[in-house]
Amino acid sequence: MLTAGFDIASFNWLYLVYPVIGIYLTSLFVSYIVKDNISHGITRILYAISTKRSRIKGHNCWSSVIASAITIGFGGSVGAEAPIVLTGSAIGSNLGQLFKMDNKTVMVLVGCGASAAIAGIFKAPIAGLVFTLEVLMIDLTMASLLPILISSVTAVCFSYIFTGFDSLFKYVQNDVWTMERVPSYILLGVFGGILSLYFIRTMTMCENVFARLGNRRYIKLMVGGLVLSSLIFIFPALYGEGYDSINILLNGKTENDWSTVLNNSLFYGNGNLLTLYVGLVLVTKVFATSATNGGGGCGGTFAPSLFIGALGGFLFARVWNMKQIGVYIPENNFVLLGMTAVMAGVMHAPLTGIFLIAELSGGYHMFIPLMIVSICAYLTIIIFEPHSIYGMRLAREGKLITHHTDRAVLTLMSLDSIIDKNYLSVGPDMKLGSLVHVLSRSKTSLIPVLDNAGNLLGEIDITKIRHIVFRTELYYHFKVSQLMYQPSATLVVNDPMEDVMKKFECSDAQMLPVLDNDGHLMGYISKTHMYGAYRQMVADFSAE
């Protein structure tokens, strides 16, 4: 509606205005109506699964959809997929909470909502299932597989009812793959992995820049709006999700068809600059996406990944054919393959890339090229980035759920839930006689020694003072400070459970003190209690 009257043969000044209005309206909506952070949709799902027992706030059932619609409608260079996935997961989570279901069932419902969202958007039920298994790390058991499949199929059926049988991307394959093109598929996969690395690293860098601006909303709006609107003015292909540009590249057959990507821009009518234009859009897309979210907009990186992949595949094929490096390769096929490569790299989800593009385009006859490209892209990115763009933030905090059952259980365990806060403490100047009275009332063999501020100075281990504790003649000759020992290790309340386990193994201690961030004693962790809770969670986690 906003761009319908634009002159395709020249630039349009309103490109400088619309994006700023969009991110400003979105920031007002988030600040005054939602009053909560709704960015990084899929990351928030992973965070809820790993740290909040799959509990997602109720407003996420609607807030992300409205915010992303405003942002993208006014030209924000982001995607609606991640907000919709968050919406689906939030519906699943809140249904589980409403019916008071157990944590594992709520986690499955979160996965059902996510898979339904992906399946419904792209009319790709298998991709919805695989996305949930690869990206959200929901375990592949019959207890989870069937509900996720049912939700995916149901979502696709409703999409067909309301939007017809047309897919998001229109594509007709005119050229079958041949063995002579395998080297080009391998090189495209590597190129896609490098593009994925560029996307992840640049996105992270830009996010850090906006994070340093703190809560100064209008400065963020000014910086983000200036960058976004300037880039869209020069490269209108960056306006919104960019799916129109992808369809042009997918369905174009001649130079004139592909040159319609230059419409509405300063490059219009200069078809000889098409390759340069595509390359510049490819490089600047990540900055437009970062500026959209950093300035106050709301949207995901799913669509930008597809967009960059499509342009990367087209650019690769154009340069290959122009330089006559090998046998001719069809540009439109490589647009699809490029989307698979970048998705596999950015999301660390090679199967999702394969099945989504295959279902999206009806290109099942391209399975072999899709597999080659996806595998090569994933193997390239994994060298530099062990986690996806969604999981890397949580992985740095040790809060990322994986398919490794042991690590998944450790991630789900809460250190705070197993701390014993009922302890008796003594001061460093207390006499041995008084210490004996404290020992008689203590339920553990360890007594912490604290100063007046509650800081841990040391510990009294009854097993190490047994030789003097019953000698009454020594009761007034020894002080606690003379009898205490330094603990073999200490824990901090934010320590990941994997680190807690390692400290117990290295120290060979039966109990370890837990300190808060200021060094004050919070309580003790018992090795026996910890392993008991661990074994119970493994049993619950593994049960069908």
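Two strands count as paired if DSSP finds at least two bridges between them. I needed that rule before going into the sheet, and I'm working on a predicted model.

**Entry 1: the sheet.** I looked up the strand order and got β3-β4-β5, an open sheet of 3 strands with mixed pairing. I then checked the edges: β3 (491-492) and β5 (521-526) each pair on one side only. For β4 (residues 511-515) against β5, I found an antiparallel run joined by 5 bridges. One position I noted down is Leu515, which stands opposite Leu521 in β5.

**Entry 2: what sits on the sheet.** I went looking for a helix here and found α22 (residues 497-507) packed on the sheet. Helix α22 touches β3, β4 and β5, and its direction makes about 135° with that of β4.

**Entry 3: a helix pair.** As for handedness, I logged the passage of α6 by α7 as a right-handed crossing.

**Entry 4: who makes that contact.** On the α6 side I listed Pro125, Gly128, Leu129 and Thr132. On the α7 side I listed Leu145, Ile148, Leu149, Ser152 and Val156. Sorting the α6 and α7 contact by class gave me 6 nonpolar residues, 3 polar ones and no charged ones. Gly is counted as polar in that tally, and Gly128 is one of the α6 residues in the contact.

Conventions: Residues are numbered from 1 along each chain as its sequence is written. This is a predicted model: local features need pLDDT of at least 70, side-chain atom pairs count only at pLDDT 80 or more; totals for chains, interfaces and linings use all residues. Side-chain values use heavy atoms; hydrogens and water are left out. A crossing is left-handed if the near helix is turned anticlockwise from the far one by less than a right angle, and right-handed if clockwise. Helices (H or I, at least four residues) and strands (E, at least two) are DSSP runs, numbered from the N terminus. Contact means heavy atoms within 4.5 Å. Axes are lines fitted to C-alpha atoms, for helices over the stretch in contact, and angles run from 0 to 180 degrees between N-to-C directions.
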